[in-house]
Amino acid sequence: MGIPDFMLRAALAGAGVAIVAGPLGAFVVWRRMAYFGEALAHSSLLGVVLGIVLGVLPWITVLGVSVIVALLLYVMDRSKRSTLDAGIGIVAHGALATGLVLLSFVETARVDLFAYLFGDVLAATPHDLWLIYGGGTAVMAVMVMFWNPMLSVVVNEEVASVEGVNVTRTKLVHLMMLAVVVAAAMKVVGVLLIVALLIAPASAARQLSRSPEQMAILASVIGVISVIAGLWASYELDTPAGPSIVVAAIGLFVLAVCFGNRSVRSAP
Amino acid sequence: MRGLPTRNRPRIMIGQMTENNMLLDADGVAVEIGGQSILSQVSAHVESGEIVTLIGPNGSGKTTLVRVLLGVLKPNAGRVAAKSGLRIGYVPQRLSIETSLPLSVGRFLKFGVGRGPNRQRGKRTAVLTEVGAQGLIDARMHDLSGGELQRVMLARALLRDPDLLVLDEPVQGVDINGQAEIYNLITRIRDSRGCGILMVSHDLHLVMAATDRVICLNHHVCCAGKPEAVTRDPAFENIFGAEVAAQLAIYHHHHDHTHDSGGAPVPLDHSHTYQGDTGAHTHGD
């Protein structure tokens, strides 16, 4: 076998994240939460630094910070006191900048910032794989349970509420899942590119789908293809893995826009 | 052109205010949003088999009251009592579906019914036929016209076998002929299903003919009762102006008259009034 172990682990880690990112990314697209996801992603760097400072496993602090930020944004969204757009920006960049400043205080500054910003999937350990597949399975299970209420909320919150859907709970569940996936995806594509892994495959899938379910599954498939293509390019051409995966996903999106469109749009 | 729905057509008679017919009963409802009073001392009720229309100018709190009645919004004061196990079918004022969400009519109809038997395709086709949207089950939601969308939303609400239908501006985005048809359809649904219907409207002419009771709202209930009584109420004139009130009164006069003589050209009369034709004005003078 010509595939080295680290490539296999990278592919497994990337595919694991891409599979979950597919349907979750579809919801991000439907609910127009790309910027929201961006805020979660940026603040996860703060989580990493906190993990180093406190001396605990980074995924714990990353998840913790993601969940807190998700809740914070949710409360801001509800109160409608400030425009959410600016509020998200403040939280996102506030967390990112605070993380970078904190990092400079860490004595053992052998932390590879680049790896956190752009991913380090080639260095995925078996431990990472456990985290990704454990978290991924949990998220998928919750998603299947909440699929219909989540979709119903996307279509119309008020109607969903009248029809017996607990809208607040459904939205919070979605945010928590997003927080988990962002924490997991950081290893693969890094803080700055997580959102691309969420929205590019879903947007490509949109061009080819007739139902929400089709779009969600296709998004996973396109995500996995992007991961494999990106890793292949990284291996053959010695390009950075995370950005290569994102470039592959964007490439597939462009292809889908060019060739997928007509058959879906001009249906009877 | 089809005739307008008429109030006086024969239909199932409703018992007078008997408790077991009561679907929703709101009493002394007050809502404040951001320190501003939106509703105060509002009482309203809907019984099964009747069509109640909530009218009032823009910003008068109609949709807020509907949200309170639906249980989506908690009032700051007052009570809303609902019949136990009340099933509500709700059609919102506006439904704009994300363009990024691929959704067929058939899939859309599944949302309201959960895992019940009305999920079956046959049931969904039947309810689409009931609302005059047959053949649309495989159409995409984004391709529907305003009238088709209203019918499809109505179908989704009906699939829940509701005791109460709540329709917020049911003719929004529908052309004038289509509007009459939708009101006709609403009356037919009430007649065949016997459910209660609560409508919100700021459009006066057509809705007056299609309703049993009117609640005129302007942050509080200005007047309520049968349409012909409400249009003569000074409070109604204050809100909508004497001109509109007079037009509506004329409208009812003609309406009753054609019924009595039993063969007058109803559509002609209607076109006179509901298009706001100034000619209608002179009729009544």
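Trainee: Leaving aside neighbours within four places in sequence, which residues is Ile55(B) in contact with?

Mentor: Bear in mind that this is a predicted model. With neighbours within four places set aside, Ile55(B) is in contact with Lys62(B), Ser201(B), Leu204(B), Val207(B), Met208(B), Val214(B), Ile215(B), Cys216(B), Leu217(B), Phe236(B) and Phe240(B).

Trainee: And which residues have the most contacts inside the largest nonpolar core?

Mentor: Ile55(B) is one of them, along with Trp30(A), Phe108(B), Met141(B), Val152(B), Leu165(B) and Phe236(B). That core has 130 residues.

Trainee: Which element gives the most to this core?

Mentor: That is α1(A), with 13 residues. Apart from this core lies another, of 28 residues, including Leu23(B), Ala44(B), Val52(B) and Ile88(B).

Trainee: OK, the interface. How many residues does the contact take from each chain?

Mentor: Chain A puts in 26 residues and chain B 25 residues. Between them the two chains bury about 2,200 Å², with 53% of it on carbon and sulfur atoms.

Trainee: What does the side chain of Glu163(A) meet in a salt bridge?

Mentor: The side chain of Arg156(B), at 2.8 Å, N to O. The count between the chains is 4 salt bridges. There are also 8 residue pairs in polar contact between chain A and chain B, with both residues at pLDDT 80 or more.

Trainee: Where does chain A's side come from, in terms of elements?

Mentor: At least two residues each come from α1 (5-30), α6 (126-155), α7 (157-162), α10 (212-237) and α12 (261-265) of chain A. The largest share, 6 residues, is from α6(A).

Trainee: How do the residues on that side divide into nonpolar, polar and charged?

Mentor: On the side of chain A that touches chain B, 12 are nonpolar, 7 polar and 7 charged.

Trainee: Change of topic. Where does Leu208(A) lie?

Mentor: In the loop between α9 (194-206) and α10 of chain A.

Trainee: Why does Leu208(A) count as partly exposed?

Mentor: Because its relative accessibility is 37%, and partly exposed covers what lies between under 20% for buried and over 50% for exposed.

Trainee: How far apart are Leu208(A) and Asp112(A)?

Mentor: They are 96 residues apart in sequence, and 39 Å apart in space, C-alpha to C-alpha.

Conventions:
Residues numbered from 1 in each chain as written. Chains lettered and ligands numbered in written order. Predicted model: local features only at pLDDT ≥ 70, side-chain atom pairs only at ≥ 80, totals over all residues. Heavy atoms only, no water. Contact = heavy atoms within 4.5 Å. Buried area = accessible area lost by both parts, 1.4 Å probe. Polar contact = N/O pair within 3.5 Å; in protein donor to acceptor, adjacent residues only side chain to side chain. Helix = DSSP H or I, 4+ residues; strand = E, 2+ residues; numbered from the N terminus. Nonpolar A, V, L, I, M, F, W, Y, C, P; charged D, E, K, R; others polar. Core = buried A, V, L, I, M, F, W, Y, C linked by side-chain atoms within 4.5 Å. Buried < 20%, exposed > 50% of the residue type's maximum accessible area, 1.4 Å probe, protein only.
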